[in-house]
Every structure is written in C-alpha cells, then in structure tokens.
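Biologist: Please take a close look at one part of this model, the place where the two chains touch. Then set it against the rest of the chain.

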Amino acid sequence: MSENRKFILKLYITGHTARSERAIKNLRRICEDDLGGKYEMRVIDILEQPQLAEDEKILATPTLIRVLPPPLRRIIGDLSDTEKVLVGLDLLPLDNN
Amino acid sequence: MSATENANVPVEKLVTGIEGFDLISQGGLPSGRTTLVTGTAGSAKTVFAAQFLAEGIRKDGAPGVFVTFEEASEDIRKNLLSMGWTIAEWERRGLWRFVDASPQPGEDTIEIGEFDLGPLLARIEHAVNMVGARRISIDSLGAVFSQFVNAAIVRSELRRLGVALKGLGVTALMTSERTEEYGEIARFGVEEFVADNVVILRNVLEEEKRRRTIEILKFRGAGHQKGEYPFTVLPDQGIIVIPISAIELKQRSTQTRVTSGVVDLDRMCGGGFFRDSLILVSGATGCGKTLLTTEFIKGGALKGEKCLLLAYEESREQLIRNAIGWGIDFEALEKDGLLKVVCAYPESAGLEDHLINMKSEIDRFKPDRLAVDSVSALERVGTRGGFREFIISLASFVKHREIPGMFTATTATLMGGPSVTESHFSSITDTIILLRYVEMLGEMRRGITVLKMRGSRHEKDIREFSIDENGMHIGKPFRNVVGILTGKPEYLSREESDRLAGMFQE
C-alpha cells in the first residue's frame with residue numbers, strides 16, 4: 001500500500017435515513033483509521049440531485065464510489081463490515097488476515 | 001371466490017396502439033396500473049415494452065419513460081431502429097426518456113450490508129416529471145435480481161417501486177423472464193408482488209414450427225379475451241397480434257358485398273363476398289383457380305374497381321394468354337389503370353422479403369381488391385413455421401386494408417385433400433371455396449362448393465362448372481355422388497340417394 005496516494009471518495013445516499021447516517025459514520029471512521037486522513041469524502045443526496053444519480057448510474061444507496069486512485073470502484077451497502085470495505089478499497093488483500 | 005373490493009367501479013383502459021392487442025385486451029392496458037409482461041428468452045418482451053411507448057408517442061403524442069436493467073440504452077436505440085422507432089429523435093423532442101440501470105461494464109461492485117433502491121425510484125420519478133410521462137416500461141425485473149446478491153432486499157424494494165408507480169399516475173408495463181413456456185408465471189415469483197395484471201408471451205417450438213403467442217392471463221377487475229393469440233414481429237412495425245376470434249366478434253362491421261365476378265358464385269355465397277373478407281380458393285392444379293381469380297379481377301374491373309394480381313406460379317405472358325382465352329384482356333385493363341399484374345418467382349426471395357414486397361405493392365397501387373395466385377407456391381421458400389407467420393402477417397395486413405383478398409392454394413394431390421396453406425389459412429379466412437375434379441363414368445368433371453362463409457348464409461351444394469371462351473359457368477349440383485371433397489367420388493343408386501334425402505328431410 002503506497003503511503004502517499006490520496007483517496008477521493010463519493011458516498012451517495014437517499015435522504016438522511018438511519019441507514020445513510022450509519023454508512024456516513026462507518027465510512028468516516030474507516031477513512032480516519034485506515035487512510036491516515038489522506039482522503040477527500042463527499043456525501044451526495046440523491047433526493048436533492050436526481051439527475052446526478054442518472055449520470056452516475058447510481059441504482060442503490062448507500063453507494064460508495066472510489067474515484068481516485070483508479071480503477072473506479074463501487075461498494076453498495078451500509079459499509080457495516082469494515083474488513084470487507086477495506087478489501088473493496090484495495091487496502092487489504094483478500095488473503096491477508 | 002370473494003368479490004373484489006370495488007367491483008362496481010370499472011377499470012379504465014389505456015389504448016396501447018399495438019396492433020391487435022387492443023382488441024384482445026378489450027381496449028388496452030388497465031390505466032394507471034402496472035401490467036407484468038412475462039416470457040422466455042427471445043419471446044419479444046423488450047420489443048413489446050418499447051412498442052408500448054413508441055405507439056403512445058406516434059399515435060397519441062404521449063411521452064414515455066423506458067427503464068432498462070438489462071441492455072444498455074445505446075443498444076436499445078440502435079436495435080429498435082429496425083422497427084422504425086426513432087428513439088434518439090424522440091429523446092431530443094422530450095417524448096422518450098431512458099433510465100439506464102443496465103450493468104456497467106468493467107466496473108466491480110461489491111455489496112456490503114443493507115441497501116435500498118432509493119436512487120432507482122428517484123431517477124424514475126425524475127424522468128417521469130421531466131417529460132410528463134404517461135407511460136412507463138421497465139425491462140426486465142429479473143435483471144434487477146442479477147445485479148444484487150441480497151434478493152430479499154430487491155424483492156421488498158420492487159414492491160415499493162410498484163406502490164410508487166401507482167402514486168405517479170402512470171400506466172406501467174414491466175417485463176419479467178420465465179424459464180418454461182408452460183410453468184411458473186415468472187422467475188423470482190415477481191407476479192405476486194408487482195402486478196395485478198399479467199400478460200404472457202410465448203415462443204413455442206411445435207413440430208419444428210416456431211409459434212409466437214400472447215395470452216392475457218389476468219386483468220384484475222377488467223375484461224379481456226381469453227386464450228392464446230398468435231402474433232408476429234415485423235421489421236418497421238413491431239408486434240402484430242392476430243386476433244382471430246376477436247375478428248369474428250368485432251370486425252363484422254361491414255355488410256357491404258362485392259361480386260366474385262361470377263353471378264352464380266355470388267348467389268352461392270348469399271350475395272357475393274363481404275368487402276373486407278379473405279377468400280381462400282383451394283383446388284388441384286388446372287382445376288380453375290387461376291380462372292376464378294381472373295373472373296374476380298374482371299368482376300371488379302366492370303365496377304371500376306382496381307385490382308392487384310400477385311402471381312407466383314405463371315409468367316406474365318402466360319397469365320395474359322390464359323385470360324384472353326377466357327375473354328378477358330389484362331393488358332387493356334392495365335392500360336386503364338384497373339389492374340396491375342406483378343409476377344415473381346417464389347425462389348427469387350425469402351418469405352420475409354416477399355411479404356415486404358407484397359405490402360409495398362399494395363401500399364403503392366392501393367387496390368380495391370387483391371388476388372394472390374397462388375399462396376401455396378410460396379410454401380417451399382421458407383420453413384413451415386416461417387410460412388405460418390407469413391400467412392398470418394399477410395392476412396392481417398390485407399384485412400386491415402378492408403379490401404377483399406382472394407388467395408389460391410394448390411392441393412397436394414389432384415383429387416383434393418388438405419394443403420399446408422389451407423391448414424394455416426383456414427382459421428383466418430372468412431370464405432373458403434373448394435374446386436375439385438370429379439370423376440364420373442370415366443369422365444373428368446369439375447366441381448365447386450362454398451365450404452365456409454363467415455357471417456352469412458351460403459349454399460351447401462357441390463355444383464358442377466364448365467370453362468369455355470367466356471370464362472366460368474356454374475351449373476347444377478352433383479346428385480347421386482358422395483365423397484367428392486375427399487377425392488373419392490362414389491355413385492349412389494337412385495334408391496340410395498332417395499333414402500338419404502329422406503333421412504334429412506325437414
């Protein structure tokens with residue numbers, strides 16, 4: 001894992017439901033704990049910008065998109081399983097642990 | 001069975017514009033509700049879903065939203081151009097809007113924990129509001145399940161979608177796949193939670209014949225025709241449902257009769273053919289089919305009606321020579337604009353191309369009557385399944401022009417018996433006329449009978465007819481002979497025939 005790469009993450013939610021809040025909290029914790037603060041995180045509410053969901057082809061929420069570093073990654077769900085999120089973001093190899 | 005809650009409030013229908021479907025559905029899809037259209041792979045679900053929107057735009061100027069879970073929107077735009085649907089142009093004019101929820105190629109998606117399909121609902125609502133959509137098609141539900149691991153969430157979210165659609169006040173059509181032609185209604189049991197109305201598309205392989213049918217399984221609280229109806233998918237037109245029994249029920253609107261060209265045959269038919277009827281003339285080769293079509297042309301020409309003759313058995317020169325032998329001058333009729341003779345070799349094109357050519361000739365010449373001699377010559381061009389579709393499409397095309405169409409079919413054997421054309425054609429034709437050779441005392445005679453005449457009384461006799469330089473002459477009924485139609489005529493003695501006559505005396 002390179003030390004100086006920066007993460008740009010977008011989290012799409014549909015309104016501020018309990019599930020949305022849970023996903024935001026989970027993601028923020030993972031960013032602080034595992035990305036060493038080197039990240040940019042944006043939360044986008046579909047209800048406010050439905051056209052954005054169309055353009056980005058968002059189907060489910062919460063959807064986390066890793067914009068940078070490439071390749072583009074999508075993770076759907078409330079991100080409740082930290083380890084799986086780390087694998088999904090390439091921060092933890094599958095066979096590690 | 002318990003009564004439905006609002007049994008007294010009739011369900012309104014939305015005319016779809018899909019040819020034939022509005023007849024069998026008795027007015028279209030239940031308005032403001034969701035209908036599930038289910039079928040196996042290749043059963044034309046996507047075409048049906050798109051056509052629902054396309055006809056709304058073309059016939060009603062009603063904007064629509066197409067939600068795709070399977071094919072990418074650019075593929076749909078491209079593929080459906082062959083149906084003559086200019087989706088890209090409709091999008092520019094704000095009449096069609098895609099919600100593209102197809103899987104994104106080259107993108108890994110991981111599912112971690114709970115989720116909802118809120119964006120899908122938001123996107124659909126957004127699209128509906130943007131174009132003011134009144135129709136919406138969703139293709140297909142099974143593909144939603146394949147995009148997610150957690151089927152339970154998808155199920156409950158689709159149920160939520162069903163409720164949301166009701167709130168939007170749109171008439172919705174959802175497609176879903178099934179694995180067998182006669183089995184569970186749809187995969188994942190979606191019919192139970194998304195729709196009160198179910199339509200099944202089938203594409204059955206039957207004795208090496210492909211047979212497409214459509215069946216309305218249920219419309220909650222609304223009437224519809226029951227059973228399977230054949231349909232076909234044609235380039236530039238899309239789905240055409242052939243409402244065989246619905247035609248019987250609804251289409252006998254015109255009582256206008258036209259002449260067959262032979263006065264005595266008109267009498268046998270109870271006053272001539274109906275103006276919008278299909279007439280099948282069946283007989284062995286040389287039995288008088290071409291003569292009858294020639295009389296049919298002459299009969300029309302005498303009344304100033306234009307006739308189109310599509311010939312697949314004889315050359316133009318032969319046809320003209322034949323007609324002159326019966327006292328009719330085809331070339332003079334053509335000069336007067338009352339006739340157009342188009343000859344083609346059956347093998348010169350595939351069945352689909354023949355069909356397209358026939359249609360464009362009809363559209364160009366705009367005849368008042370049509371004769372095809374013979375349809376059975378085209379049998380050998382395609383497969384049996386293809387021929388059936390061809391017959392049905394041609395018949396429905398002619399029927400909708402409201403002109404009489406005379407089609408001849410050559411029987412396989414000299415003495416009669418059924419032909420493939422007959423077996424495909426007989427249920428959709430209004431009138432069937434049989435021409436038969438009759439062997440009597442070592443002499444060949446010719447017989448004619450009206451086997452069927454929908455919506456009218458007709459004579460049941462088999463009459464003898466002769467041919468001379470003035471054409472066809474119908475004479476007296478055959479007496480003392482049985483078995484003409486089956487090709488095995490047998491004499492009855494005088495006493496025997498009297499006895500038979502006595503048995504059926506009224």
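Modeller: Contact here means heavy atoms within 4.5 Å. On that rule, the contact takes 26 residues from chain B and 27 residues from chain A. Keep in mind that this is a predicted model.

Start with area. The size of an interface is often given as the accessible area lost when the parts come together. Between chain B and chain A, about 2,300 Å² is buried. Carbon and sulfur atoms give 57% of that area.

Next, the polar side of the interface. Across chain B and chain A, 15 residue pairs are in polar contact, with both residues at pLDDT 80 or more. The rule also finds four salt bridges between these chains. One salt bridge joins the side chains of Arg19(A) and Asp116(B), at 2.9 Å from N to O.

Which elements of chain B give two or more residues to the side that touches chain A? They are β5 (96-100), β6 (108-111) and α5 (118-131). Helix α5(B) gives the most, with six residues. By class, this side of chain B has 12 nonpolar, six polar and eight charged residues.

Now step back to chain B as a whole. Its secondary structure comes to 17 helices and 25 strands. Chain B has 506 residues, and 55% of them count as buried. Its accessible surface comes to about 21,900 Å². Carbon and sulfur atoms hold 50% of that surface. For contacts in chain B with a separation of 6 or more, 69% link residues 24 or more positions apart.

Arg202(B) lies in strand β9, residues 197-206 of chain B. Is Arg202(B) buried or exposed? Its relative accessibility is 5%, so Arg202(B) counts as buried; the cut-off for buried is under 20%.

Two polar partners of the Arg202(B) side chain can be named. A polar atom of this side chain lies 2.9 Å from the backbone oxygen of Glu181(B). The side chains of Arg202(B) and Glu228(B) are joined by a polar contact of 3.3 Å.

Glu181(B) and Glu228(B) are both on the contact list of Arg202(B), which leaves aside neighbours within four places in sequence. That list also includes Arg178(B), Tyr182(B), Arg211(B), Arg212(B) and Thr213(B). Glu215(B) and Phe231(B) are on the list too. Finally, a pair separated along the chain: Arg202(B) and Gly42(B) are 160 residues apart in chain B, and their C-alpha atoms are separated by 9.0 Å.

Note on methods:
Residues numbered from 1 in each chain as written. Chains lettered and ligands numbered in written order. Predicted model: local features only at pLDDT ≥ 70, side-chain atom pairs only at ≥ 80, totals over all residues. Heavy atoms only, no water. Helix = DSSP H or I, 4+ residues; strand = E, 2+ residues; numbered from the N terminus. Buried < 20%, exposed > 50% of the residue type's maximum accessible area, 1.4 Å probe, protein only. Areas by Shrake-Rupley, 256 points an atom, 1.4 Å probe, with all protein chains shown as cover. Polar contact = N/O pair within 3.5 Å; in protein donor to acceptor, adjacent residues only side chain to side chain. Buried area = accessible area lost by both parts, 1.4 Å probe. Nonpolar A, V, L, I, M, F, W, Y, C, P; charged D, E, K, R; others polar.
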